[in-house]
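Please open the model in your viewer and keep the selection tool ready. The tour goes from one selection to the next.

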Amino acid sequence: QVQLVESGGGLAQAGGSLRLSCAASGRTFTSYLAGWFRQAPGKEREFVAAISSGGINTYYADSVKGRFTISRDNAKNMVYLQMNSLKPEDTAVYYCNAGQGRAGVKGAYWGQGTQVTVSS
């Protein structure tokens with residue numbers, strides 16, 4: 001079993017930056033693909049970024065490529081999402097996710113979500 005807790009959301013201006021953190025518990029976390037999804041009001045939850053279990057491979061949605069960076073520290077059981085050049089359309093609840101699937105596919109474990117609001 002894996003538990004995930006996000007932090008770091010908040011309010012930012014367009015062009016600004018935020019860093020999301022996801023703290024994981026459970027010994028199997030380091031063997032899982034980890035990632036971030038987001039859900040804006042009235043929209044479906046969508047893939048944002050993912051990182052392989054060892055941290056070697058990263059994957060991004062086209063909408064965030066070049067602006068967001070995902071990383072992980074398996075020694076600390078942490079996953080991060082550095083978000084730069086934020087846009088109002090990045091406003092959403094961001095969810096940490098982990099599991100044995102492939103990038104872009106929702107894994108079995110979810111955090112509770114953290115709100116990111118970007119003002120224009």
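Is Cys96 buried or exposed? Select Cys96: its relative accessible area is 0%, so it counts as buried, where buried means under 20% relative accessible area, exposed over 50% and partly exposed in between, with a 1.4 Å probe and protein chains only. The model is a predicted one, in which local features need pLDDT of at least 70, side-chain atom pairs count only at pLDDT 80 or more, and totals for chains, interfaces and linings use all residues. Residues are numbered from 1 along each chain as its sequence is written, and side-chain values use heavy atoms, with hydrogens and water left out.

Cys22 lies in strand β3 (residues 18–25) and Cys96 in strand β9, so the pair ties together parts that are 74 residues apart in sequence. Strands (E, at least two residues) are DSSP runs, numbered from the N terminus. The torsion about the S-S bond of Cys22 and Cys96 is about -85 degrees, so this disulfide is left-handed. Cys22 is also buried, at 0% relative accessibility.

Now select the whole of strand β9 (residues 92–99), where 7 of the 8 residues are buried. Strand β4 (residues 33–39) pairs with β9 in the antiparallel sense over 7 bridges, two strands being paired if DSSP finds at least two bridges between them, and here Arg38 stands opposite Tyr94.

Finally, show strand β11 (residues 114–119), joined to β9 by 3 antiparallel bridges, with Gln115 as the bridge partner of Val93.

Methods
Helices (H or I, at least four residues) and strands (E, at least two) are DSSP runs, numbered from the N terminus. A disulfide is a pair of cysteine sulfur atoms within 2.5 Å.
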